[in-house]
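User: I am new to this structure and would like to learn how to read its features. Could you take me through them in turn?

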Amino acid sequence: ETELPRQHPNEIPHNEKLLSLKYESLDYDNSENQLFLEEERRINHTAFRTVEIKRWVICAMIGILTGLVACFIDIVVENLAGLKYRVVKGNIDKFTEKGGLSFSLLLWATLNASVVMVGSVIVAFIEPVAAGSGIPQIKCYLNGVKIPHVVRLKTLVIKVCGVILSVVGGLAVGKEGPMIHSGAVIAAGISQGRSTSLKRDFKIFEYFRRDTEKRDFVSAGAAAGVSAAFGAPVGGVLFSLEEGASFWNQFLTWRIFFASMISTFTLNSVLSVYHGNAWDLSSPGLINFGRFDNEKMGYTIQEIPIFIFMGVVGGILGALFNALNYWLTMFRIRHTRCEGLPLLGLCRGTAAVCSPMAAAHRGALWAAAPALTLHPLSTSGSYNPMTLGMFTLMYFFLACWTYGLTVSAGVFIPSLLIGAAWGRLFGISLSYLTKGSIWADPGKYALMGAAAQLGGIVRMTLSLTVIMMEATGNVTYGFPIMLVLMTAKIVGDYFVEGLYDMHIQLQSVPFLHWEAPVTSHSLTAREVMSTPVTCLRRIERVGTVVDILSDTSSNHNGFPVVESNPDATQVAGLRGLILRSQLIVLLKHKVFVERANLSLVQRRLKLKDFRDAYPRFPPIQSIHVSQDERECMIDLSEFMNPSPYTVPQEASLPRVFKLFRALGLRHLVVVDNRNEVVGMVTRKDLARYRLGKEGLEELSLAQT
């Protein structure tokens, strides 16, 4: 008889009303078991000071390494792009006299397509999570969602190589967005004092080997990435607060600002030496908007309505960009089965578009790297209005087409470039209508257009205002930029979500927003909780534990611990909570005793044993337990969390949501009035309820 293929009843075609079961939560709540409390009590004031100093040292290392990675990307892109342009220019000079210019354009398109193909292949087939800017993934990680491979060393290597090849290949992308993901990976690695990928343990920073500590350092890494990209340390802190971190405290602010400051200083120092101006420190970030003269480029009260109008345009264009990208990404998810080859064709087409455009419009806008085009667009220089209009239209669709492909690429620079182009076109038109009035400077409106377009796409307000101010070195435009960004966000939100939130939704991630849906008070914990709950007794048989962990039909990660009444079959009240990862470590170290010798003391473990296994705990299938060992007993009292958070089953959904979200929980036990376990609330139970167009809606749970 032939075995029928195994069916997956939970697998359904991808759609927008879907929540994936493949994502797990991170443990942002410390398990305060006996081992944890004993260690904390042994730490004196001096030891706590040492731990705090180590945190500052780690933040400094994060800043230095993030700055060095940004320097490496910038220098390699500059040299490779320069080599490509020299080859093409030499070919043009050679064939112009003979009338073979079309061959030169074909060479340019072929070089671009080949470079992009390599960048796409390494992302698609080696580390797919390195695709895109990485900002949605880091937002999810900081929200408490475990995205596979998102902060691994291999991801960083592929990210850096991929973004270099994407930019050199002439795609409508930027290298600034991926710096945020790169900084986060660096932070995650440095803070653990080891590399699990390289199998090297440096025996340092062992205290920080837990999700709570790593989360805070990843926030610092994301901020350092923004700081290196834009030369904006304050903007980096605000970006991490506004867009990234779901959990924040006052002590974290200073450490993150310190990491951001070190990052931009490292980048500035190295690039200044590289450019031959060791004492100049004139390269604070990877992009340069140019400097704006207050006397020549101020603004007047009558320009305020014009700025608001530009914000409206930016919001509408941003919403259009997001909607088009949403439909395109949904089409790719549903119809592109192979991750690499079909997308390579799209990359080749994207890389080839710029060639005839550069030839037709004599190309400064089309031939130069995107980040280099921002400076002349937003300051001096004269541009043909027809060229600006054509560039805006073509680059808009190229950037929309590119974002979501399997290439490492950011959307910051393309958005700024599109906005700067139509903003300058708007300024030229205004100058023509006002017969060359001094206040209608096209460079000023290019800056406002850049802010409006990026704000309309990503919906950042506070952090982007400060980033633009720091990047231009001008505080004068703070209020107009703020006005433009607020207007763009309000208008854009009326139509669709921001780009990052949209891609989080497209990946079916159980992301928890700041508040529960406003119409969810009618639901209670009893209606949203998962049942039945697999419980363990305080002293449990090893075979029972192994069978529960090996059960593939219920891949639970947290188990309530209860005490059985000696005179009854019913389960008594809740005694604690223990995690799957803790049980696996106990079984691996064989922390159990024979049933006949329960009076014997089982083997003692230290918290270090659990930290050494973190974060890649071995699967239960790799742990051998003999038949005799299955009959032994294991005492969970010392390792379980004796005070887990609980809620009564009558608690409303907003109350449960607030407790779960604010404390960064992974499991929330639901109990009745006798303290008996009746259910468990996890991230997916809360994330599946959201506010739709027709009121409160419930998403489907499925394997994707």
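The dialogue below treats helices, strands and backbone angles.

Analyst: This is a predicted model, in which local features need pLDDT of at least 70 and side-chain atom pairs count only at pLDDT 80 or more, while totals for chains, interfaces and linings use all residues. Residues are numbered from 1 along each chain as its sequence is written, and side-chain values use heavy atoms, with hydrogens and water left out.

User: How many residues does helix 15 have, and what span does it reach?

Analyst: Helices (H or I, at least four residues) and strands (E, at least two) are DSSP runs, numbered from the N terminus. The expected span of a helix is 1.5 Å times one less than its number of residues. Helix 15 has 22 residues and reaches 31 Å from its first C-alpha to its last, close to the expected 32 Å.

User: At what angle do helix 15 and helix 16 pack?

Analyst: Axes are lines fitted to C-alpha atoms, for helices over the stretch in contact, and angles run from 0 to 180 degrees between N-to-C directions. Helix 15 (residues 412-433) packs against helix 16 (residues 442-458) at about 140 degrees, and their axes are 6 Å apart. That makes helix 15 oblique to helix 16; angles under 35 degrees count as roughly parallel, over 145 as roughly antiparallel, 65 to 115 as roughly perpendicular and the rest as oblique.

User: Which residue classes make up the contact of helix 15 with helix 16?

Analyst: Ala, Val, Leu, Ile, Met, Phe, Trp, Tyr, Cys and Pro count as nonpolar, Asp, Glu, Lys and Arg as charged, and the others, Gly among them, as polar. The contact of helix 15 with helix 16 has 15 nonpolar residues, seven polar and one charged.

User: In what order do the three strands of the open sheet lie?

Analyst: Two strands pair if DSSP finds at least two bridges between them. The three strands form an open sheet in the order 11-12-13, with mixed pairing. Strand 11 (646-648) and strand 13 (677-681) stand at the edges with a single partner strand each, so one side of each has no neighbour in the sheet. On average, neighbouring strands of this sheet are turned by 30 degrees against each other, direction ignored. Strand 12 (residues 668-671) pairs with strand 13 in the antiparallel sense over four bridges, and V671 has V677 in strand 13 as its bridge partner.

User: What joins strand 14 to strand 15?

Analyst: A hairpin joins them through two residues. Strand 14 (residues 689-692) and strand 15 (residues 695-698) pair in the antiparallel sense over four bridges; the bridge partner of R690 is E697 in strand 15.

User: Which residues have a positive phi?

Analyst: Most residues other than glycine have a negative phi, and most peptide bonds are trans. K203 has a positive phi of about 60 degrees and is exposed at 54% relative accessibility. N675, with phi near 65 degrees, is found in the loop between strand 12 and strand 13 and is partly exposed at 31%.

User: Where are cis peptide bonds found?

Analyst: One joins T531 and P532, with omega of about -5 degrees, and another runs from Y614 to P615, with omega near 0 degrees. P615 lies in the loop between helix 23 (607-613) and helix 24 (627-630).

Note on methods
Buried means under 20% relative accessible area, exposed over 50%, partly exposed in between (1.4 Å probe, protein chains only).
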